[in-house]
Amino acid sequence: MSTAAAPVRSLRAGTVLADLVPASRARDIALVVGGAALTGLAAQLSVPVPGSPVPVSGQTFAALLVGTALGARRGFLALALYAVAGMAGVPWFEGASSGYGMPSFGYILGMLLASTVVGALARRGADRSVLRTAGAMALGSAIIYAVGVPYLALATGMTLGQAVAAGLTPFLIGDALKAALAMGALPAAWKLVGRRG
């Protein structure tokens, strides 16, 4: 019985969920493209926020999920593909928009950094328990806002206080719900893998 449990533990140490798929260059390309596409698809789940040029969308949740599931390198590449393709005209930013002139583009840049950080944390086991997942999601969200809110202020001419009121405060409850979703889904996925192992 102890010999059956050992491979699962060694598999889980230093791995992210995507590492459970047999390794190949084709796998990595598919994961990166799939991560970018998932983020673009989630961005279309967009609801305007009265008084804010930034809508509530699923793209931040997708970006953090992609980083956590794929790891830092592949998460970065997926979000870089998402950002570059969107700047080049692919209409997969929120509300089927594209380009880099929109006030919310700073959040996309923040997602690029956040996916890398949460991916590195996931490789250290941050997605294995509810509390650690909550911490990783909170840090990832903070990174997104740390880049997105100042960009919003610069792009719109708002003061930093106005940008916080328009681009951070209205989104805190939604971010807590997204984190709760991740807190349930990611540790549950690892438990399922452990049972199969």
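Predicted model: local features only at pLDDT ≥ 70, side-chain atom pairs only at ≥ 80, totals over all residues.

Reader: Got it. How many helices and strands does the chain have?

Author: Eight helices and two strands. The pattern along the sequence is α-α-β-β-α-α-α-α-α-α.

Reader: And what does the chain span along its principal axes?

Author: The C-alpha trace spans about 65 × 35 × 20 Å. The radius of gyration (taken over C-alpha atoms) can be set against a globule rule, 2.2 Å times the number of residues to the power 0.38. For 197 residues, a compact globule would come out near 16 Å, and the chain has 17 Å, which agrees.

Reader: What percentage of the residues count as buried?

Author: 44% of the 197 residues. Buried means under 20% relative accessible area, exposed is over 50%, and partly exposed is in between (1.4 Å probe, protein chains only).

Reader: Ok, new topic. How many salt bridges turn up in the whole structure?

Author: A search finds seven. A salt bridge here is a side-chain nitrogen of Lys or Arg within 4 Å of a carboxyl oxygen of Asp or Glu.

Reader: Which residue does arginine 123 pair with?

Author: Aspartate 19, with the closest N and O atoms 2.6 Å apart. Arginine 123 is in helix α5 (residues 105–123) and aspartate 19 is in the loop between α1 (2–12) and α2 (25–43), so the pair ties together parts that are 104 residues apart in sequence.

Reader: How accessible are arginine 123 and aspartate 19?

Author: Arginine 123 is partly exposed at 31% relative accessible area, and aspartate 19 is partly exposed too, at 23%.

Reader: What about aspartate 28, which arginine does it form a salt bridge with?

Author: One of its partners is arginine 73, where the closest N and O atoms are 3.7 Å apart. Aspartate 28 sits in helix α2 and arginine 73 in helix α4 (residues 72–87), so this pair ties together parts 45 residues apart in sequence. Aspartate 28 also meets arginine 74 in a salt bridge, 3.1 Å from N to O. That pair links distant parts of the chain as well, with aspartate 28 in helix α2 and arginine 74 in helix α4, 46 residues apart.

Reader: Is each of those buried or exposed?

Author: Aspartate 28 is buried, with a relative accessible area of 17%, and arginine 74 is buried too. Arginine 73 counts as exposed, at 54%.

Reader: Which residues are linked in the network of salt bridges?

Author: Asp19, Arg27, Asp28, Arg73, Arg74 and Arg123.

Reader: Last one. Where is alanine 83 found?

Author: In helix α4. Alanine 83 is buried, with a relative accessible area of 5%. Leaving aside residues up to four places away in sequence, alanine 83 touches Phe93 and Ile108, where contact means heavy atoms within 4.5 Å. The C-alpha atoms of alanine 83 and leucine 112 are 8.0 Å apart, although these two residues are 29 residues apart along the chain.

Terms used:
Residues numbered from 1 in each chain as written. Heavy atoms only, no water. Helix = DSSP H or I, 4+ residues; strand = E, 2+ residues; numbered from the N terminus.
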